[in-house]
Amino acid sequence: MIEVEHLSKVYGSTPAIEDLSFGVQPGEILGLLGPNGAGKTTTMRILAGYLPATSGTAHLAGYEVHTNPMAVRQRIGYLPETPPLYPDMTVEGFLHFVARLKGVSSGDRRRQVNSALERCNLQEKRQVLIRKLSKGFRQRVGIAQAIVHDPPAIILDEPTVGLDPRQIIEVRNLIKSLAGSHTVILSTHILPEVSATCSQVAIINQGRVVMTGPLENLMVQLTGGTGYDLEVSGNAAEVQQQLQGLPGVRLIEFSPPQPGQGAGSRDTQTPAADLDLGENHLKFRVVSEPEVDVGPQIAAALVGAGLGLHEMRRARASLEDVFLKLTTEENTLVEADHPANQSLSEQAEEAA
Amino acid sequence: MATILRNITAIYRKELQSYFASPLAYVIAGVFWLLAGLFFVVILQTVVQQVSSLDLQGPQPVDVPYQIQQSFLSVMGSLALVILPILSMGLYAEERKRGTLELLATSPITNWAIALGKLLGVLTFFVTLVLPLLVYEAIAFSTASPPIQPWILLLGHGGLILLAAAVLSLGLFISSLTESSILAAVLTFALVLCLWIFDLIGQTVGGPIGAALNHLSLLKHYTNLLQGVVDTSSLILFTSYIFLGLFLTAQSIDTLRFQRS
């Protein structure tokens, strides 16, 4: 549906994006992830036909963005960084205007506008002047504007920026509901947003794609395997002795016994019950070789050794880890960002 | 062709709607009508006084309605030149400031269509401003005997609208150069002043330079139309100014996208 090949854009002498290539299949949601200034907005503007690329091609529904701009413009909905709204128009009037502009025939216009209003939950505000809307509603009008002509491809530049948490969830659900019938590209620098809404992710940094692919694969690939988070009563040396020998186990990482989120799983909430850990409770993560599920063996080994197993769950590397790994050059920086992680030996020494 | 027309109408309707919602439009209309009414009364009185003082010197045929019409429309022309920059200042500058230009530029519509739709919109607003003036004139000229020839009236107002279209078209271009409405208004006004000055120079300086300036002067051709002189070169000049403005606007919006950083 969307094919980007070797796309580059140079402003004066500073390159904004260099040799960018990625693709999105019909019906997928691609998250364009990158730190601020990575070139996300530039990429989206090129895709929307707003900016010409310096070199490379971008195809949208089979049409080249630069050589066939009108055909492309008919087939996209685009929400720029700041929603393009006329403050003196009513929500409904504005959507009618955009529908007319995008070439929706007069017979379909009312129906399309109504369905956009409905999808974005704007029915109550249809007669309100845009000037009087709150930020969240304006953002929704911005999205409504992008979907009013029911385009096959939708480009959303930071769709949830500036919204409150409830609105963010609403907007994400809205975006998820677009998948299937629409191809969506959204950009963000907020990591959970990608894991919450997207099926595909392209991580860009300093104008280059560092990684692209389905979200799940990406995380497995980058963390070099799966693992388990465990909570066990016993001492570290004993645990280590039991688990080190198991086939497939690569590393055991102990977290300090303080309350808070476990290392590398910041987006999962830690229950309050963890606050009163017993004295000899240990929390740790077992990292296994890729493609090996060591869950049953771990459980068997711990129970067999008479250690109390309190909690065990499959650990998913958070996107944050992946992201930091990709966008920071030295690995030391990644580790510096995780002071909670301590090597096994140190921990064992303390315990002993 | 049909799509282009539909696009132009979409922009046109949006522009017209925006005048209904804009306090600035009402203020401009109010001030324009107030001043126009004032000038009309003053001109009416002055001409009547002139005629009566001429009468004392002996009977001379004076075309009073024609005199009134001509002085009134030439004053209206000057008033329009002051007001037009205010009308055109926000046409693109506001779009740039609000980021809505990005919406227009990513919609299946050409820069030409946008510019033309906007020009037609603002011109319609100006025509709305001029229409009530016809009522004043109708009342005053209804007593004229022999009755004033309607084509002179028509020509005069047509000329006023052509003059406005030419100035608005240039104002449209200037508005597309900046994000600041005020700057656009000031620059357009400066351009109008230049036109005025060129007109004056053209009148005073003889020779080829004077002739050239006279040919290019919007005001000169406007005055010709007011006097009932229809010259195709006037019409061509006005349309050339309008096209020049539209062309430059379309180009400037295109360039904007290329150099945006």
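**Exercise 1. A helix pair in chain B**

At what angle do helix α3 (residues 64-88) and helix α8 (residues 181-204) of chain B pack, and how far apart are their axes?

*Solution.* Bear in mind that this is a predicted model.

Step 1. Know what to look for. Two packed helices are described by the angle between their axes and the distance between the axes.

Step 2. Read off both values. α3(B) and α8(B) pack at an angle of about 150°. Their axes are 8 Å apart.

Step 3. The crossing of α3(B) and α8(B) is right-handed.

Step 4. Find the residues. α3(B) contributes B:Leu81, B:Pro85, B:Ile86 and B:Ser88. From α8(B) come B:Ala185, B:Thr188, B:Phe189 and B:Val192.

Step 5. Sort them by class. The contact of α3(B) with α8(B) has 6 nonpolar and 2 polar residues. It has no charged residues.

**Exercise 2. Chain B as a whole**

Describe the make-up of chain B, then decide how compact the chain is.

*Solution.* Step 1. Count the elements. Chain B has 11 helices and 0 strands. From the N terminus on, its elements run α-α-α-α-α-α-α-α-α-α-α.

Step 1. Look at the box. The C-alpha atoms of chain B fill roughly 75 × 45 × 35 Å along the principal axes.

Step 2. Check burial. Of the 261 residues of chain B, 39% count as buried.

Step 3. Check the contacts. Take those in chain B between residues at least 6 apart in sequence. Of these, 80% join residues at least 24 apart.

**Exercise 3. A sheet in chain A**

In what order do the 4 strands of the open sheet in chain A lie, and which strands are at the edges?

*Solution.* Step 1. Give the order. It is β2-β1-β4-β5 in chain A, with antiparallel pairing.

Step 1. Find the edges. These are β2 (14-24) and β5 (63-64) of chain A, each of which pairs on one side only.

Step 2. Inspect one pair. Strand β4 (residues 55-60) of chain A is joined to β5(A) by 2 bridges. A:His59 has A:Glu64 in β5(A) as its bridge partner.

**Exercise 4. Where the chains touch**

How many residues does each chain give to the contact between A and B?

*Solution.* Step 1. Count both sides. Chain A gives 24 residues and chain B gives 23.

Step 1. Name the elements on the side of chain A. α2 (69-74) and α3 (91-101) of chain A each give two or more residues. The largest share, 4 residues, comes from α3(A).

Step 2. Classify this side of chain A. It divides into 14 nonpolar, 6 polar and 4 charged residues.

Key. Residues numbered from 1 in each chain as written. Chains lettered and ligands numbered in written order. Predicted model: local features only at pLDDT ≥ 70, side-chain atom pairs only at ≥ 80, totals over all residues. Contact = placed C-beta atoms within 7 Å. Nonpolar A, V, L, I, M, F, W, Y, C, P; charged D, E, K, R; others polar. Rg over C-alpha atoms; globule rule 2.2 N^0.38 Å. Buried ≥ 20, exposed ≤ 12 C-beta atoms within 10 Å, placed from the backbone. Pairing = 2+ DSSP bridges. Axes fitted to C-alpha atoms, helices over the stretch in contact; angles between N-to-C directions. Left-handed = near helix turned anticlockwise from the far one by under 90°.
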